[in-house]
Amino acid sequence: MDTLELHRDSIIFDGHCDTLLEVLDGKRKLSERSSEGHIDLPRLREGGVTAQVFAVFIEDRYLPAGAAKQTLRMLDTLYRELEANACSFILATKAADIEQAKSAGKVAAVIGIEGAESLEGDLALLRVFYHLGLRLLTIAWSRRNQAADGVHESRTGGGLSSFGVDLVKECNRLGILVDISHLSAAGVRDVLQISPQPVIASHSNAYALCPHVRNLNDEQLTALAEKGGVVGVTFVPSFLTEERNEASLDKLLDHIDHIVRVAGIDHVGLGSDFDGFGPPPPTGLDDVTRLPGITAGLVARGYSAEQVRKILGGNFLRVFRQVVG
Ligand SMILES: [Zn+2]
């Protein structure tokens with residue numbers, strides 16, 4: 001099987017994108033191929049994506065009291081796109097939906113919320129959002145919220161609040177993936193300690209290769225792997241390398257190699273953060289249509305077809321099945 005065939009045949013799961021914000025702002029429609037940004041349906045299909053996590057991110061101007069309403073607006077945006085593109089785009093609320101999307105040649109959307117601000121400190125909202133399709137919760141964006149401190153609040157050494165502890169437990173009970181990307185070091189430690197279920201880092205790289213506060217050190221990578229979790233390597237240029245003009249597909253493959261070495265082949269996935277960073281994109285990763293280059297690069301670096309399938313989406317699908325169902 002050549003590398004393009006291997007790519008087309010694999011389940012590809014991308015753990016994070018910020019495209020919903022662009023759609024809500026009226027800059028793009030998911031159904032129309034754009035030369036702007038990184039993701040729309042035609043390009044997702046060309047890139048071979050099976051499951052795409054669409055993040056709900058709440059901007060500062062809606063905080064704190066407008067967060068839940070803005071979350072609903074973003075979910076409405078996704079639901080309207082699902083309705084308008086029903087022949088090629090479905091909502092995934094369980095692992096079987098992703099497998100069905102693969103066999104039907106459709107793209108599956110997974111709903112994620114990036115930061116507990118959306119819950120306005122109330123687990124009832126978590127449960128309602130679960131009924132609306134929420135299956136992944138990034139506990140904190142980089143700032144502080146009711147549940148935890150993000151990486152930009154590391155001064156105080158804060159981790160999870162009592163609400164944050166209850167939130168992780170409720171996510172486990174409902175079947176929502178807990179995501180530690182953007183979370184403070186103390187928060188990462190707390191989550192790994194209290195969550196019986198595997199947790200993920202939806203879009204983070206290896207600190208050993210690029211010492212950015214958003215990346216995970218080897219100790220964190222190992223702890224996440226011991227829990228059975230997955231790290232989605234991200235394409236954000238400043239998380240790939242300190243020299244922005246050197247950001248490239250090759251650097252991304254270096255991060256995959258490192259995480260495989262430290263955490264193991266079962267604990268690496270993809271978390272592009274497409275539409276979450278400005279130009280220029282890393283060389284070779286201009287938009288989602290370039291994903292086949294990752295498959296070709298992994299094969300060139302000696303990964304077997306089975307290992308490539310795990311990295312492209314098999315690992316994320318495993319954890320999704322285990323936690324969500
Ligand atoms: Zn993010």
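In this predicted model, Arg-43 is a buried residue with a relative accessible area of 2%, and its side chain meets that of Asp-40 in a salt bridge with an N to O distance of 2.8 Å. Asp-40 likewise counts as buried, at 0% relative accessibility.

**Salt bridges and charged residues**

- Side chains of opposite charge can pair when their charged atoms come close.
- The count for the structure comes to 22 salt bridges, and Glu-22, Lys-27, Arg-28 and Asp-275 are linked in a network of such bridges.
- Asp-76 and Arg-80 form a salt bridge at 3.6 Å, N to O, and both residues lie in helix α4, 4 residues apart, which is about one turn of the helix.
- Within that pair, Asp-76 is partly exposed with a relative accessible area of 37%, whereas Arg-80 counts as exposed at 57%.
- Asp-254 and Arg-301 form a salt bridge whose closest N and O atoms are 2.9 Å apart; because Asp-254 lies in helix α11 (residues 249-263) and Arg-301 in the loop between α12 (292-300) and α13, the pair ties together parts that are 47 residues apart in sequence.
- Asp-254 is partly exposed, with a relative accessible area of 28%, and Arg-301 is also partly exposed, with a value of 29%.
- Glu-81, found in helix α4 (residues 67-84), is buried yet has no salt bridge, since the nearest side chain of opposite charge, that of Lys-29, is 7.4 Å away and a salt bridge needs the nitrogen and the carboxyl oxygen within 4 Å.
- Leaving aside neighbours within four places in sequence, Glu-81 is in contact with Val-23, Lys-29, Leu-30, Ser-31 and Phe-89.

- His-182 lies in the loop between β6 (177-179) and α8 (185-194), and His-203 in the loop between β7 (200-201) and α9 (218-226), so the two histidines tie together parts that are 21 residues apart in sequence.
- Both histidines are buried, His-182 with a relative accessible area of 8% and His-203 with one of 1%.

**Aromatic pairs**

- The whole structure holds 6 aromatic pairs, among them the stacked pair of Phe-13 and Phe-316, with 5.0 Å from centre to centre and 25° between the planes.
- Because Phe-13 lies in strand β1 (residues 13-14) and Phe-316 in helix α13 (residues 305-323), this pair ties together parts that are 303 residues apart in sequence.
- Phe-54 and Phe-89 form an edge-to-face pair, at 5.9 Å centre to centre and 75° between the planes; Phe-54 lies in strand β2 (residues 51-57) and Phe-89 in strand β3 (residues 89-91), so the pair ties together parts that are 35 residues apart in sequence.
- Both Phe-54 and Phe-89 are buried.

**Val-110 and its surroundings**

- Val-110 lies in strand β4 (residues 107-114) and is buried, with a relative accessible area of 0%.
- Not counting residues up to four places away in sequence, Val-110 touches Phe-13, Gln-52, Val-53, Phe-54, Ala-92, Ile-98, Arg-135 and Phe-320.
- The charged end of Arg-135 sits over the ring of Tyr-130, 3.9 Å from its centre.

Notes: Residues numbered from 1 in each chain as written. Predicted model: local features only at pLDDT ≥ 70, side-chain atom pairs only at ≥ 80, totals over all residues. Heavy atoms only, no water. Buried < 20%, exposed > 50% of the residue type's maximum accessible area, 1.4 Å probe, protein only. Lys, Arg positive; Asp, Glu negative; His and termini not counted. Contact = heavy atoms within 4.5 Å. Phe/Tyr/Trp six-rings, centres within 6.5 Å; stacked < 30°, edge-to-face > 60°. Lys NZ or Arg CZ within 6 Å of the ring centre and 35° of its normal.
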